[in-house]
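Reader: I would like to learn how to read a model of this kind feature by feature, with the criterion behind each term stated before it is applied. Could we go through it in that way?

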Amino acid sequence: MNKKVIEVKNLRKTYGSVVAVEEISFEVYEGEIFGMVGPNGAGKTTTVECVEGLRKPDKGELRILGLDPQKEGYSLRQRIGVQLQETALQDHLKVWEALDLFASFYSHPVDWQILLEKMNLAEKRNAAFNKLSGGQKQRLFIALALVNNPELVFFDELTTGLDPQARRNMWDMVRDIREQGKTVVLTTHFMEEAERLCDRVAIVDQGRIVALDTPANLIRNLGAENRVVFTINGEFKAEKLNELASVTRVEQSGDRCEIYGWDEKLIVDVVNALSKNGCAFRDLRTEQPTLEDVFLALTGKEMRD
Amino acid sequence: MRGILKLSLTEMKLFLREPMAAFFTLVFPLMMLFLFGSIYGNKPSAFFGGYGSVDMSVPAYTAMIIATSGLLGLTISIATYREKGILRRLKATPLYPQTILTAQVSVIFLMTALGMALLIIAAKIVYNLKFDGNPLNVFLAFVLSSMSFFSLGFILSGLLPTARSAQVVAMVLFYPMLFLSGATIPREVLPETIQNYAQFLPLTHVVNLLRGFWIGNGWAEHLKEVAVLSGMLIFGVAISARTFRWE
């Protein structure tokens with residue numbers, strides 16, 4: 001097992017009478033991409049900000065890179081990179097000035113010219129912050145989070161508000177950051193993002209971690225069925241498919257059919273049965289359970305944007 | 001150390017890029033000077049106790065710049081920085097919180113001083129400004145006045161929930177003070193009742209102090225002003241230490 005970079009035990013944080021974090025414990029290991037998912041208000045951001053030393057927990061033991069974030073905040077902030085949710089820079093601050101400024105806050109900054117290139121911002125170096133697009137701003141915030149060559153990087157809702165193309169670019173950047181040997185902690189409310197990007201995912205709901213594992217294990221433990229979905233051309237009673245051994249359940253509404261089953265052979269059986277019955281179909285696809293289903297099952301909630 | 005210098009330098013650049021702030025601190029006082037200078041000139045008159053209109057306007061306009069910087073500039077910029085999350089982002093770096101605020105205050109102080117310097121230079125060149133005071137006293141009075149007004153700005157930015165409301169309240173306090181304190185219109189032309197009420201405006205004491213030192217008064221003649229402004233500063237720091245919010 002790799003070295004622990006984050007240890008959180010029994011973290012609790014309230015704002016007045018509002019309990020943001022009920023009780024949260026977890027560990028993050030060197031070199032992993034660790035995700036926290038959950039709806040808005042679940043306590044992800046509060047947890048991350050306590051870990052970063054930006055908020056004072058009411059209770060709990062926290063060791064980040066071996067440091068106490070409250071007592072050794074200065075040393076900690078020298079070694080971590082942070083991208084915050086809902087933040088901005090000064091309107092008229094130029095991209096290069098922002099990097100130059102933030103580099104001056106750290107004892108061992110990297111050459112920010114390289115970051116500028118890497119984050120695809122070289123053309124925008126003289127653009128003011130308020131003239132940047134959402135994706136460009138987010139890339140600048142990533143560059144600022146990396147300007148001190150941190151061992152541990154936090155991304156809070158990195159891709160919220162970005163278009164799908166920009167979101168995928170962000171994912172590549174996060175993977176690239178991990179390739180450089182850094183540990184990444186991210187929060188997101190996009191299940192697909194967590195599933196594709198994270199080595200381990202903590203599902204957070206109402207201030208608690210309700211599940212923590214690799215995305216594959218979380219999905220497997222859910223024990224949900226696979227699905228084959230297709231549209232029929234013509235007349236066909238999908239109920240007939242219930243006779244197949246691999247099928248557990250059939251749903252049909254009009255010409256749209258959904259066939260459920262556990263077996264890996266489900267799709268083969270269904271397609272064979274359809275052609276044997278001379279039934280023409282189109283738009284056939286299989287659907288595996290996703291992290292979204294896990295989330296739904298665990299919290300009983302739809303993910304809201 | 002490098003951080004605070006770079007932050008201050010950057011904030012200074014940003015100040016000059018912000019047309020409104022730069023205009024009201026640096027350009028508008030000069031416009032006032034030239035407008036009223038061209039109307040009234042700077043002939044010594046009994047009305048101003050042997051000084052010219054410009055001689056008495058320069059310390060008064062300095063008070064105006066102080067009020068602009070402290071009440072409007074600082075209040076609005078701190079409230080905006082907080083609302084946008086800029087303070088939060090800066091706080092997530094190894095900068096100490098007090099460093100972040102010190103940089104803001106130093107920059108606005110330097111800009112206020114620059115506004116005063118431009119005013120003095122222009123008045124000296126164009127209207128042969130007369131000055132009978134002790135420059136050190138004037139400078140100390142300027143520092144005290146600036147800091148006490150900056151502390152007011154910190155209170156406002158801490159108490160008011162949004163940048164917008166901070167701006168509105170700052171304006172409501174600023175404009176009456178500007179016209180009634182003698183910072184723009186010479187107090188001598190205002191009715192006596194208004195002059196009496198004006199004693200309750202902090203800016204009146206700044207105008208009195210700066211004008212007094214300008215014509216060569218000593219500290220003994222201005223104990224009241226010094227006491228009021230020092231009290232305001234202590235009160236302001238004490239209150240804003242409790243009410244200041246980073247987000």
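**Reading the model, feature by feature**

Author: Let us begin with one pair of residues: A:Ala202 has A:Leu212 as its bridge partner in β9(A). Residues are numbered from 1 along each chain as its sequence is written, while chains are lettered from A and ligands numbered from 1 in the order in which they are written. This is a predicted model, in which local features need pLDDT of at least 70 and side-chain atom pairs count only at pLDDT 80 or more, whereas totals for chains, interfaces and linings use all residues.

Reader: Which strands does this pairing belong to, and how many bridges join β8 and β9 of chain A?

Author: In general, strands of a sheet pair through backbone hydrogen bonds, either parallel or antiparallel. Here helices (H or I, at least four residues) and strands (E, at least two) are DSSP runs numbered from the N terminus, and two strands pair if DSSP finds at least two bridges between them. Strand β8 (residues 200-205) of chain A runs antiparallel to strand β9 (residues 208-213) of chain A, with 5 bridges joining them. The two form a hairpin with 2 residues between them, and A:Gln206 in the turn has a positive phi of about 50°.

Reader: Is A:Leu65 buried or exposed?

Author: A residue is buried if 20 or more other C-beta atoms lie within 10 Å of its own, exposed if 12 or fewer, and partly exposed in between, with C-beta atoms placed from the backbone. A:Leu65 is buried because 20 other C-beta atoms lie within 10 Å, whereas A:Asn10, with 12, is exposed. Of the 305 residues of chain A, 40% count as buried.

Reader: What is the order of the strands in the open sheet of 4 strands in chain A?

Author: The order is β11-β12-β10-β13, with antiparallel pairing. At the edges stand β11 (249-253) and β13 (280-287) of chain A, each with a single partner strand, so one side of each has no neighbour in the sheet. Between β11(A) and strand β12 (residues 256-261) of chain A there are 5 bridges in the antiparallel sense, and A:Val250 has A:Ile259 as its bridge partner in β12(A).

Reader: Which residues have the most contacts inside the largest nonpolar core?

Author: In soluble globular proteins, nonpolar side chains tend to be buried together. A nonpolar core is a set of buried Ala, Val, Leu, Ile, Met, Phe, Trp, Tyr and Cys residues joined through C-beta atoms within 7 Å. The largest one has 137 residues, and those with the most contacts inside it are A:Leu99, A:Ala143, A:Val147, B:Ala63 and B:Leu210. Helix α3 (residues 53-84) of chain B provides the largest share of this core, 17 residues. Apart from it lies another core, of 10 residues, including A:Val228 and A:Phe230.

Reader: How many residues of chain B are in contact with chain A?

Author: Two residues are in contact if their C-beta atoms, placed from the backbone, lie within 7 Å. By that criterion 18 residues of chain B are in contact with 20 residues of chain A, and α1(B) gives the most to the side of chain B that touches chain A, with 7 residues.
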